[in-house]
Each structure stands twice: as C-alpha cells, then as structure tokens.
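Student: Please take a close look at the pockets of this model. I would like to know what lines them.

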Amino acid sequence: MDTAIFIARRIAAQSILLSEEAAQKLASILIRTELKKGALFLSEGEVCTQLGYVYKGMVRQFYFKNKKELTEHFASEDNIFICIESFLRQRPANLLVEALENTVLYGIPHDPLLALCAEDYEIEVMYRRLLENSLILSQRKADFLRFETANERYARLLKEHPEIVQRAPLSHIASYLLMTPETLSRVRANMQL
C-alpha cells in the first residue's frame with residue numbers, strides 16, 4: 001500500500017498519533033520523489049525545501065571537506081532526514097543527499113508545512129517532535145564520535161543500525177564513523193576473530 005494517507009500516518013507515528021483530519025491535511029502536501037541509485041535529492045548550494053521520509057531504499061547526507069566526501073547521516077525505510085539549518089532558515093545547504101539504492105521518498109515541503117502548523121495544533125506538535133528527534137540524533141552521533149573508540153563506534157552502528165552495515169558502501173561507513181577505510185577494515189577483522 002503506497003498511498004499518501006498511509007505515508008502521512010507512518011511519518012506522524014514517529015512522534016504523535018494524528019487524527020484522521022490532520023492525517024488528511026498532511027497527506028495533501030506530501031511530494032513523492034523516485035530516485036535512481038546515485039541520484040541527488042539535494043545538491044550543495046541548493047535550499048532544502050523538504051523534510052524527507054524514506055519509503056523505500058536508502059539515502060546518505062554528505063559534504064565535501066578538503067576534496068573528500070564525508071558522510072553525515074544515513075536514512076533507510078521509515079526514517080526521516082533533514083538538512084536542518086538549510087530547511088529551517090531556507091538558505092543554501094552545505095550537505096548533499098544521495099540515493100544509495102533506487103529510492104522512493106516522500107517530502108514534506110517547508111512552506112505548506114508551516115502553514116499547516118499555524119492552523120493545526122496536532123501537526124505543529126508532530127513537526128516539533130520530529131525536529132527534536134533530529135536534534136537528539138545529531139547530539140548522540142556527536143557524543144559517540146567524541147567519547148567512543150573506533151571499535152565501540154562500529155559495534156554501536158552494527159547493533160543499532162545493521163541495515164547501514166549491510167547496505168552502504170564501506171567507504172561511506174568509514175567516513176560516517178570518522179575512520180579511514182583501512183581502520184574500518186581492521187576493526188571489522190578484529191570483531192570477526
């Protein structure tokens with residue numbers, strides 16, 4: 001079942017149970033996007049105009065530093081992603097969003113979402129909680145990068161997000177964990193002993 005109302009309920013379920021009326025309102029603004037593997041949903045310098053929900057497939061958010069790609073975040077089925085500063089301020093993004101597989105996304109567009117928030121308290125609460133969840137996720141990642149060893153970081157990723165380890169290229173996983181591919185190979189080899 002791939003309908004806008006089903007997707008609206010799945011998005012909302014991450015933070016609040018919406019009434020039928022609120023779910024219909026949210027469904028009415030969703031934008032479906034299909035991406036082929038390797039296609040960009042957001043390019044560097046573009047404004048992030050949509051909060052994204054992955055219905056099928058996987059995306060990664062990344063940026064360039066010293067001509068290297070560094071992965072910031074992964075999102076797969078039933079996950080939300082957002083380039084938070086660009087979305088909130090409606091300014092050009094430093095992050096890019098790339099499909100790692102053939103992917104189906106549903107976007108919640110910025111301006112229609114804010115209009116719904118102004119008229120519907122349930123949607124406003126849902127939006128606030130989605131933003132809170134995004135900020136908490138960013139804080140947790142910052143904490144584990146600061147305080148955990150390479151082995152601990154990989155073990156955490158394996159435990160909490162096995163789909164990333166199974167589906168994302170090792171080079172992207174290494175950059176996400178702030179490791180070189182060689183370090184990641186050693187960590188993986190040590191875990192298999």
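**The pocket linings**

Tutor: The second largest pocket is lined by Lys68, Glu69, Leu70, Ser171, Ala174, Ser175, Leu178, Met179, Thr180 and Pro181. (A pocket is an open set of points on a 1 Å grid over the protein atoms alone where a 1.4 Å probe fits, with protein on both sides within 12 Å along at least five of seven lines; lining residues have an atom within 4 Å of a point.) Two or more of these residues come from each of strand 5 and helix 8 (170-176); helices (H or I, at least four residues) and strands (E, at least two) are DSSP runs numbered from the N terminus. The model is predicted, and totals for linings use all residues, whereas local features need pLDDT of at least 70 and side-chain atom pairs pLDDT 80 or more. Residues are numbered from 1 along each chain as its sequence is written, and side-chain values use heavy atoms, without hydrogens and water.

The lining of the second largest pocket has five nonpolar, three polar and two charged residues (Asp, Glu, Lys and Arg count as charged; Ala, Val, Leu, Ile, Met, Phe, Trp, Tyr, Cys and Pro as nonpolar; the others, Gly among them, as polar). Its volume is about 160 Å³, the space filled by probe spheres set on grid points joined across faces, edges and corners.

The largest pocket holds about 1100 Å³. Its lining has 42 residues, with Gln61, His73, Ser134, Leu137 and Ser138 nearest the centre. Among the elements giving two or more residues are strand 4 (58-65), strand 5 (68-76) and helix 6 (150-160). Helix 5 supplies the largest share, 13 residues. By class, this lining has 22 nonpolar, 11 polar and nine charged residues.
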